[in-house]
Amino acid sequence: MKQHKIAVAGASGRMGQMLIDAIRQSGDCELSGALDVAASPGIGADAAAFSGHTSGVLIHSDIRQGLKNADVLIDFTRPEGTMAHLAVCRELGVKLVIGTTGFSEAQKAEIAAAAKDIAIVFAPNMSVGVNVTLKLLEMAAKAMSTGYDIEIIEAHHRHKVDAPSGTALKMGEVIADALGRDLKECAVYAREGVTGERDPSSIGFAAIRGGDIVGDHTVLFAGTGERIEISHKSSSRANYVLGSLRAARFLENRTSGLFDMFDVLNLK
Ligand SMILES: NC(=O)C1=CN([C@@H]2O[C@H](COP(=O)(O)OP(=O)(O)OC[C@H]3O[C@@H](n4cnc5c(N)ncnc54)[C@H](OP(=O)(O)O)[C@@H]3O)[C@@H](O)[C@H]2O)C=CC1
Ligand SMILES: O=C(O)C1=N[C@H](C(=O)O)C[C@H](O)C1
């Protein structure tokens, strides 16, 4: 019995395609709709065609059409796409798993407001490993609150459009919170020229883009006579896909509220 009727936004994208295949292979999920932007070459094609299968679901650009049979929408698109999907989900009472990154503060506030009416899981990284790493970072930051310089280094494929990654920013937030700092005040996103000595209260970020790197994150705690590196490396997007389906299942009995992967994985 297929319990979860899932629509996928960004159906022709890297995450969308893998998700559609994972839904096909799951025992309990059914693809109920597929969305993409009007200009996408995938519009009108069967959503599973890329993997040589037939789902019977065509990729639409009409959001209402794509959502008409869905319990939950999983969105891996761009912030402007997510915001358009969010408005229609709210209107139709469709739950939402948001994996997209790169939102402004105003857009995040709109997502939080919509969660008063519909249940939403919103997380910059759906992988179990990354979320466990976030917990490790919380502990490490508390234990190394003085005498250690903190730098966050991330590497992603050449197609990624936002930097630093949503995950790197989340790592920065978790560490800043653990240290009683405000990331907005202590983050350093770029260094060039005569920068002066490092401010010990700063949290630095470095973003590397190249090739087909799926997603690597390292947090460096550099002290005196030692340094500690806490790393997570993705070898495929399967971890994000499996986490997204867990998030969709988690929403089954929830009608409203804003959740993250700590809620889904019981890490709070
Ligand atoms: N939370 C997590 O665990 C993860 C998050 N991500 C995030 O998910 C997002 C997508 O990543 P990825 O799949 O690699 O990206 P892709 O570019 O491969 O896919 C994005 C998809 O969204 C579509 N799209 C683009 N703009 C819009 C829009 N305005 N409205 C609706 N659809 C749109 C694209 O269509 P077209 O190709 O025609 O432009 C494409 O189908 C990124 O923000 C990324 O950072 C990625 C992996 C894991
Ligand atoms: O764009 C990607 O690929 C990824 N984006 C997410 C992010 O910005 O953190 C998650 C993962 O790192 C892959």
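Which residues does Thr167 touch, not counting residues up to four places away in sequence? Thr167 touches Pro124, Asn125, Val130, Glu154 and His217, where two residues are in contact if their C-beta atoms, placed from the backbone, lie within 7 Å.

The structure is a predicted model, in which local features need pLDDT of at least 70 and side-chain atom pairs count only at pLDDT 80 or more, while totals for chains, interfaces and linings use all residues. Residues are numbered from 1 along each chain as its sequence is written, and chains are lettered from A and ligands numbered from 1 in the order in which they are written.

Around ligand 2 stand Thr101, Pro124, Asn125, His156, Lys160, Ser165, Gly166, Thr167 and Gly215, a residue being near a molecule if its C-beta atom, placed from the backbone, lies within 6 Å of it. By class, this shell holds one nonpolar, seven polar and one charged residue; here Ala, Val, Leu, Ile, Met, Phe, Trp, Tyr, Cys and Pro count as nonpolar, Asp, Glu, Lys and Arg as charged, and the others, Gly among them, as polar.

An unreviewed UniProt entry annotates His156 and Lys160 as "active site", and for "binding site" the unreviewed entry lists His157, Gly166 and Thr167. Such annotations may be inferred rather than shown by experiment.

The table gives the burial of four residues from this shell. A residue is buried if 20 or more other C-beta atoms lie within 10 Å of its own, exposed if 12 or fewer, and partly exposed in between, with C-beta atoms placed from the backbone.

| Residue | C-beta neighbours inside 10 Å | Class |
|---|---|---|
| His156 | 25 neighbours | buried |
| Lys160 | 18 neighbours | partly exposed |
| Gly166 | 17 neighbours | partly exposed |

His156 is found in strand E7, residues 149-156, whereas Lys160 lies in the loop between E7 and helix H6 (166-178). Helices (H or I, at least four residues) and strands (E, at least two) are DSSP runs, numbered from the N terminus. Both Gly166 and Thr167 belong to helix H6.

Leaving aside residues up to four places away in sequence, His156 touches Ser165, Arg209, Ile213 and Gly215, while Gly166 touches Thr101, Gly102, Pro124 and Asn125. The loop between E7 and H6 also holds Pro164, and the peptide bond from Ala163 to Pro164 is cis, with omega near -10 degrees.

Seven strands form an open sheet in the order E3-E2-E1-E4-E5-E6-E12, with parallel pairing; two strands pair if DSSP finds at least two bridges between them. Strand E3 (59-60) and strand E12 (257-259) stand at the edges, each with a single partner strand, so one side of each is left without a neighbour in the sheet. Within this sheet, strand E5 (residues 95-98) and strand E6 (residues 119-122) run parallel and are joined by three bridges, and Ile98 stands opposite Phe122 in E6.

Helix H1 (residues 14-25) lies across strand E1 (4-9), strand E2 (29-35) and strand E4 (72-75), running at about 150 degrees to E2. Helix H3 (residues 79-92) lies across E1, E4 and E5, and runs at about 175 degrees to E4. For these angles, axes are lines fitted to C-alpha atoms, for helices over the stretch in contact, and values run from 0 to 180 degrees between N-to-C directions.

Ligand 1 has 25 residues around it, of which Gly10, Gly13, Ser40, Gly81 and Gly99 come nearest. The elements that give two or more residues to this shell are H1 and H3, and H1 provides the largest share, three residues. The shell around ligand 1 divides into eight nonpolar, 13 polar and four charged residues.

**The five-stranded sheet**

A further open sheet, of five strands, has the order E8-E9-E7-E10-E11 and mixed pairing. Its edge strands are strand E8 (187-188) and strand E11 (227-234), each of which pairs on one side only. E8 and strand E9 (residues 203-209) pair in the parallel sense over two bridges, with Ala187 opposite Ile203 in E9. Helix H5 (residues 128-143) packs on the sheet, touching strand E10 (215-222) and E11, and its direction makes about 165 degrees with that of E11.
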